[in-house]
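Here's a quick briefing on charged side chains and who pairs with whom. Have a look at the structure first, then we'll go through the pairs.

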Amino acid sequence: GDGLRFGYVPQRDSVDYGFPLKVLDVVLMGRYDRIGLGRRPSRDDRDRALRALEHVGIADLAGQHLGALSGGQKQRALIARALVGEPSMLVLDEPTNGMDLVSTTQILSLARELHERVHLTVLMVSHALNEVANYVNRIALTMEGNFRIGSVDEMVNEQTLSAMYGIPVHVDVVHGHRIVLTPRDG
């Protein structure tokens, strides 16, 4: 039916990379609820899997083993696996955890691009407020039972953050990017 379909992208570290699976096979797993277990993926399924890999920019790695990929590439493969199920909402669990700045920026840009190009709703769970604040439209903050949701402007400012966290928080804007500083950072 046309119900809400979630494409879930787990934390990279929660995936077992010991199993010698090729990237294309990993992405095809995202079709299993459509294909049905035990049935062979069709030509169409494989085409869709390759298209999903193109979407995330790693079509050239389709034949590689997942375990051989870098952190950012693994994240892309897991996003492709979620995309190939044609979700209405993509859910990313700590997508930038343990990533360097370059990979982080690339993955967040990709999430933003999927939202803009494929009109996909993307929900990200993250501790990295500074990283995600510049890529999202709305932010929900949760802190020891407090919950607030709003636009980035409403949420990522000194009053709201200081009230939520109970400490003075300073927000700088550098070249249009918001940077959140807490006392222990400075």
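At 59% relative accessibility, does Arg43 count as buried or exposed? Arg43 counts as exposed. Keep in mind that this is a predicted model, and that it holds 8 salt bridges. A few of them are picked out below.

**Arg43 and Asp47**
- Arg43 and Asp47 join their side chains in a salt bridge, at 3.0 Å from N to O.
- The two sit 4 residues apart in helix α3 (residues 43–55), so about one helical turn separates them.
- While Arg43 is exposed, Asp47 is partly exposed at 30% relative accessibility.

**Asp44 and Arg48**
- Another salt bridge brings together the side chains of Asp44 and Arg48, with 2.9 Å from N to O.
- Here too the spacing is 4 residues within helix α3, which means about one helical turn lies between Asp44 and Arg48.
- Both ends are partly exposed: Arg48 has a relative accessible area of 26%, and Asp44 has 37%.

**Arg48 and Glu86**
- Arg48 also meets Glu86 in a salt bridge, at 2.6 Å from N to O.
- Because Glu86 lies in the loop between α4 (71–83) and β2 (89–93) and Arg48 in helix α3, this pair ties together parts that are 38 residues apart in sequence.
- Glu86 is partly exposed, with a relative accessible area of 38%.

- Salt bridges link Arg31, Asp44, Asp45, Arg48 and Glu86 into a network.

Terms used. Residues are numbered from 1 along each chain as its sequence is written. This is a predicted model: local features need pLDDT of at least 70, side-chain atom pairs count only at pLDDT 80 or more; totals for chains, interfaces and linings use all residues. Side-chain values use heavy atoms; hydrogens and water are left out. A salt bridge is a side-chain nitrogen of Lys or Arg within 4 Å of a carboxyl oxygen of Asp or Glu. Buried means under 20% relative accessible area, exposed over 50%, partly exposed in between (1.4 Å probe, protein chains only).
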